[in-house]
Amino acid sequence: MLAPSLDNEHPGIRVIGEVASVLQAGIATGGALHGVVSALRRGLGLRRCRLWLRTPDGTRYTAVTTPGDEAEFPGVAPPVAEWVRRGLQREGVPGGSILRVPLVCEDEPLGALEVVIPTGRYETIAHDVVVVVARVLAPMLAATELSQDLASEVALRTHEMEAQRSFAAQIVDSLPVGLYVIDRGYRIRAWNRKRETGTQGISREDAMAREIFEVLDRQPRDLLKREFDRVFDTGEVQQVEVASSASGETRYYRITKIPMRQDGEHISHVITVGEDITDRRLAQQRLTETDKLAAVGQLAAGVMHEINNPLATILACSEALSLRGEELPTGERRALAEYLNIIDKEVQRCRRIVESLLDLSHPAPRDKAKVDVNAVVEETLFHARFRQVAVVRELTPGLPTLLADRERLIQSFMALMLNAMDAMDSRGKLTVRSRVNPERRDEILLEFIDTGTGIKQEDLPKIFEPFFTTKPQGRGTGLGLSISYGIIAEHRGRIEVESQVGVGSNFRVYLPVG
């Protein structure tokens with residue numbers, strides 16, 4: 001829309017009209033201020049027109065001029081601050097007068113308008129026009145400064161908020177747990193990087209804003225919805241531990257659902273955190289096994305003499321009966337000898353059980369030396385002398401030595417091999433493998449792999465418990481694996497088992513190098 005034209009030819013009104021047209025945007029931009037200076041100088045025939053403006057830091061003043069009107073001379077700094085302090089000034093110069101009008105708004109000095117008005121009939125008009133323009137410019141400059149300050153403040157706050165948001169997002173993405181957030185419409189509002197690499201890894205871009213039931217489609221929709229609704233309704237933190245075999249091996253996870261109140265009062269979102277606790281669960285199981293073994297060992301040590309004394313008495317009586325049996329007729333003597341032989345075997349069996357139990361207690365300290373684990377395996381195989389079992393050796397040469405009790409390791413390895421032989425019913429293939437642990441270079445990994453009947457999943461957590469056995473009555477005490485476990489624990493190692501019914505078992509022994 002064009003501005004209305006002026007019918008009045010008064011030079012002052014025309015200049016003010018031109019200045020108003022330049023400033024009609026309402027913001028004193030650099031281009032607009034140059035336009036004002038140019039309109040004043042041209043319209044009023046001024047010999048000089050300089051608009052001095054305070055710099056943003058308030059330390060000095062810079063000039064807005066037109067070409068040919070140099071505002072500064074080298075080494076000379078005009079006392080603009082003094083001009084502003086002294087107020088409106090006018091002084092005569094050859095051929096005219098200098099007028100300096102302060103630009104002040106609400107007692108805030110913003111600058112000054114400096115002009116040289118030539119002598120003539122329009123001198124008074126020019127004076128009045130410059131004063132009017134100065135009064136118009138002052139509040140406009142103040143508004144522009146305020147607008148720039150507000151824009152800078154907004155930009156600064158926006159930058160700070162973005163930095164804080166980015167920092168918070170990096171914290172969430174750096175957590176070693178899977179985390180996601182849903183709203184009351186069950187739509188995903190946050191999905192951290194760990195969730196992208198989990199057992200059901202889905203990228204953040206594919207997950208955001210979708211219903212959680214579409215993304216976690218392996219889980220029953222009704223069950224998942226009830227879990228979320230319980231948190232929304234009660235405001236209580238819900239926590240469960242679950243097992244998953246989605247990756248091919250059993251992993252344990254702790255799932256925690258946490259209510260979130262965006263307004264500080266009403267529950268608006270639910271935060272779900274999934275933590276892999278497999279290593280912790282296995283460590284707890286190992287600790288529990290160690291505690292059980294130590295408790296049984298202490299019990300065995302406490303009752304050893306109480307059991308050995310009756311056993312010695314039984315053997316003495318058996319020998320006495322054997323001597324008296326020589327006086328009996330041949331038939332009765334043979335029957336008595338058979339019963340006495342059974343008594344002797346069972347007493348010896350009881351003694352072996354007691355000795356095995358004592359091995360579970362803290363054994364007497366024995367010197368450890370550097371040993372070649374492959375040589376220990378070979379020696380164990382030599383003593384075992386498997387006849388109907390095929391033995392496959394996959395022993396990596398040149399392995400680092402272990403600081404160990406050689407005899408105790410042989411005892412442990414023998415228990416594992418005999419257990420494998422029993423699982424295969426003395427037929428099948430036993431593979432013995434040694435190598436450096438691919439996940440930790442400071443460990444040796446030994447594997448005893450059999451092709452036996454395998455172990456049921458429900459029995460795996462119990463196989464190292466004293467007296468636990470799946471063998472028929474009389475074929476074992478259930479202490480072999482417990483003793484093997486205790487010996488490996490003495491050497492700061494661990495045993496892990498992987499088994500499948502009908503396929504076989506793999507007992508992995510980890511021993512520290514050194």
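In the predicted model, Glu-123 is placed in helix H4, which comprises residues 123-174. Glu-123 is buried, its relative accessible area being 18%, and thus falls under the 20% limit set for burial. Apart from residues up to four places away in sequence, the residues touched by Glu-123 are Arg-90, Ser-97, Ile-117 and Pro-118.

Leu-340 has a relative accessible area of 8% and is buried. Its contacts, residues up to four places away in sequence not being counted, are with Ser-318, Leu-321 and Ser-322. Between Leu-340 and Leu-321 there are 8.0 Å from C-alpha to C-alpha, with a separation of 19 residues in sequence.

Among the strands, E2 (residues 61-64) contains Thr-62. This residue, Thr-62, counts as partly exposed at 30% relative accessibility, a value that lies between the limits of 20% for buried and 50% for exposed. With neighbours within four places in sequence left aside, Thr-62 is in contact with Leu-51, Trp-52, Leu-53 and Thr-55. A distance of 9.6 Å separates the C-alpha atoms of Thr-62 and Arg-50, which are 12 residues apart along the chain.

Helix H12 (residues 406-423) was considered along its length. Its 18 residues should span 26 Å at 1.5 Å a residue, and the C-alpha atoms at its ends are 26 Å apart, in agreement with that expectation. The buried residues in H12 are Arg-408, Leu-409, Ile-410, Ser-412, Phe-413, Met-414, Ala-415, Leu-416, Met-417, Asn-419 and Ala-420. At the start of H12, the backbone nitrogen of Glu-407 lies within 3.2 Å of a side-chain oxygen of Asp-405. Beyond the helix, H12 is followed by Asp-425, which has a positive phi near 55°.

Positive phi values were also found in loops. Most residues other than glycine have a negative phi. Glu-106, a residue other than glycine, has a positive phi near 50° and is located in the loop between strand E4 (96-105) and strand E5 (108-118). The relative accessible area of Glu-106 is 76%, and the residue is therefore exposed. Tyr-186, likewise not a glycine, has a positive phi of about 65°. The loop that holds Tyr-186 runs between strand E6 (178-183) and strand E7 (188-191). Tyr-186 counts as buried, at 15% relative accessibility.

The largest pocket holds about 1400 Å³ of space. Its lining consists of 43 residues, and those that lie nearest its centre are Leu-282, Glu-496, Val-497, Glu-498 and Arg-508. At least two lining residues are supplied by each of strand E9 (251-260), helix H9 (278-325), strand E15 (443-450), strand E16 (494-500) and strand E17 (504-512). Helix H9 contributes 8 residues, the largest share of the lining of this pocket. By residue class, the lining of the largest pocket divides into 16 charged, 14 nonpolar and 13 polar residues.

Methods: Residues are numbered from 1 along each chain as its sequence is written. This is a predicted model: local features need pLDDT of at least 70, side-chain atom pairs count only at pLDDT 80 or more; totals for chains, interfaces and linings use all residues. Side-chain values use heavy atoms; hydrogens and water are left out. Helices (H or I, at least four residues) and strands (E, at least two) are DSSP runs, numbered from the N terminus. The expected span of a helix is 1.5 Å times one less than its number of residues. Buried means under 20% relative accessible area, exposed over 50%, partly exposed in between (1.4 Å probe, protein chains only). A polar contact is a pair of N or O atoms within 3.5 Å; within protein, one must be able to donate a hydrogen and the other to accept it, and residues adjacent in sequence count only if both atoms are side-chain atoms. On a 1 Å grid over the protein atoms alone, a cavity is a set of points where a 1.4 Å probe fits but cannot get out, and a pocket is an open set with protein on both sides within 12 Å along at least five of seven lines; lining residues have an atom within 4 Å of a point. Grid points are joined across faces, edges and corners, and a volume is the space filled by probe spheres set on the points. Ala, Val, Leu, Ile, Met, Phe, Trp, Tyr, Cys and Pro count as nonpolar, Asp, Glu, Lys and Arg as charged, and the others, Gly among them, as polar. Contact means heavy atoms within 4.5 Å.
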